[in-house]
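Student: I have a model open and would like to learn how to read it. Please take me through some questions.

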Amino acid sequence: MHILYNQPAEAFSTFRLHNTLSEVILIDELSDLALVDAQQPPVIIGEGSNTIFLASQVRPLLRFLAKSRTVTANNSQHLELHVEAGHNWHELVTWAVTQQLWGIENLALIPGSVGAAPVQNIGAYGVEFSDVCRYVDFYDWQERKVIRLDNNACQFAYRDSVFKQQLQGKGIIVAVGLVLFKDPKPVVTYPGLDTLPPFTTLEEIYQQVIAIRQAKLPDYKVIANCGSFFKNPVISESQYQLLQSSFAKIPGFSVESGIKVPAAWLIDQAGFKGYKYQNLGCYERQPLVLVNYGGAEGPALLVLINLIRKTIETQFGILLEPEVRLLDSNGQHYVES
Ligand code: EPU
């Protein structure tokens, strides 16, 4: 266990707002979690690709770095893996593709750690983390032990899970159990993948996903960002029909709870594509991604967020919810008043 003090927040969030983190606890062994003060549990961070520190942090943060990958079952049809939370997600995808294992190739190039994947049930191009998850191991601060949650218990939904709800702040994800498949299981219905030839290979899908992401999404190492900033809102069928009468081209996709409308389309229609506010902006190739061109600060980001949300609400009657985790100075999730 190592503790770092007064760290620049830019090094711990790919949005790189200029702030200070008073204490960062780095843990590389599961047994060291027993040393953490359970009465004042730290805020858990991964690689910072979905977390924005709106202000300097007064509470300790904790990053779990153990990253082993173990095969736990292997038969003619599938392979099961136990992967510790500190493993990088994209490296896991790349390894799976080189091993000819199907299931996560559509999730290539998603930044962040394996431990962060279940929290918001990462998803892209028709596949979600929940599709391959057998279990999640969660170290509970009060119980002082690892509890195993099966797929059902994780309550996975669109960019949501029990770890963002009831279990938020109660512990830390230390490992995940995954199942990957040996027989081809291509998911190529999403626009951009539907042009691949029949009997496409695992490598082709993987390379195509990487190409689409690189064409649309800014590389956070070059332009600071945290990927999609807002969730795609789900509205009722009747609200969607009403909107269609004013906006004939509004896209919508049927989901269990209603119609999912691309937030990117709403932001684009409202004229924010390529919009700049101080040194922040809506990325010109995918306006759902807010970017920090350098040196941005929390208060300015809040102004931009509120401007986008209010404008969309006025024009379409839809209130966008952040997809990224926005933390106030006390590590609490920021909620707009
Ligand atoms: N659109 C526009 N203008 C644009 C870009 C997009 O109107 O400039 C509209 C189009 O109608 C387009 C639609 O938005 O068809 C959807 O765009 P896209 O395929 O880029 O996907 P998205 O819904 O904006 C979601 C995820 C992404 C994921 C992609 C692909 C969320 C919040 N975002 O974006 O995830 O990569 O689908 O599956 O669900 C992330 O979570 O950080 C992320 C990048």
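Student: Which residues touch the most other members of the largest nonpolar core?
Tutor: This is a predicted model: local features need pLDDT of at least 70 and side-chain atom pairs count only at pLDDT 80 or more, while totals for chains, interfaces and linings use all residues. Residues are numbered from 1 along each chain as its sequence is written, and side-chain values use heavy atoms, leaving out hydrogens and water. A nonpolar core is a set of buried Ala, Val, Leu, Ile, Met, Phe, Trp, Tyr and Cys residues joined through side-chain atoms within 4.5 Å; buried means under 20% relative accessible area, exposed over 50%, and partly exposed in between (1.4 Å probe, protein chains only). The largest core has 44 residues, and those touching the most other members are Trp89, Leu92, Ile104, Phe129, Val136, Phe163 and Val176.

Student: Which helices and strands each supply at least two residues of this core?
Tutor: Helices (H or I, at least four residues) and strands (E, at least two) are DSSP runs, numbered from the N terminus. Those that each give the core at least two residues are S7, H1, S10, S12 and H2.

Student: What does Leu92 touch?
Tutor: Contact means heavy atoms within 4.5 Å. Not counting residues up to four places away in sequence, Leu92 touches Arg69, Leu81, Val83, His87, Ile104, Val114 and Leu178.

Student: How many residues are in the second, separate core?
Tutor: Among the members of this second core are Phe15, Ile52, Cys226 and Phe316. The number of residues in it is 36.

Student: How many residues of H1 are buried?
Tutor: The buried ones are Trp89, His90, Leu92, Val93, Trp95, Ala96 and Val97. Their cover includes strand S6 (69-74), strand S7 (78-84), S12 and helix H2 (202-216). H1 has 10 residues and is mostly covered, with a buried count of seven.

Student: Which residue caps the N-terminal end of H1?
Tutor: Look for a polar contact, a pair of N or O atoms within 3.5 Å; within protein, one must be able to donate a hydrogen and the other to accept it, and residues adjacent in sequence count only if both atoms are side-chain atoms. Here a side-chain oxygen lies 3.0 Å from the backbone nitrogen of His90, and the capping residue is Asn88.

Student: Is His87 buried or exposed?
Tutor: His87 lies in the loop between S7 and H1. Its contacts, not counting residues up to four places away in sequence, are Ala66, Lys67, Arg69, Leu92, Ser113 and Val114. With a relative accessibility of 6%, His87 counts as buried.

Student: How many aromatic pairs are there?
Tutor: Rings of Phe, Tyr and Trp (its six-membered ring) pair if their centres lie within 6.5 Å; planes under 30 degrees apart count as stacked, over 60 as edge-to-face and the rest as tilted. By this rule, the number of aromatic pairs is 11.

Student: Which residue has its charged end over the ring of Tyr293?
Tutor: A charge sits over a ring if NZ of Lys or CZ of Arg is within 6 Å of the ring centre and within 35 degrees of the ring normal. Lys260 lies over the face of Tyr158, at 3.4 Å from the ring centre. Over the ring of Tyr293, 5.0 Å from its centre, sits the charged end of Lys276.

Student: Which backbone oxygen does the side chain of Asn151 reach?
Tutor: Asn151 is in the loop between strand S11 (145-150) and strand S12 (171-181), and is partly exposed, with a relative accessible area of 27%. Not counting residues up to four places away in sequence, Asn151 touches Ser130, Cys133, Arg134 and Phe156. At 2.8 Å, its side chain reaches the backbone oxygen of Cys133.
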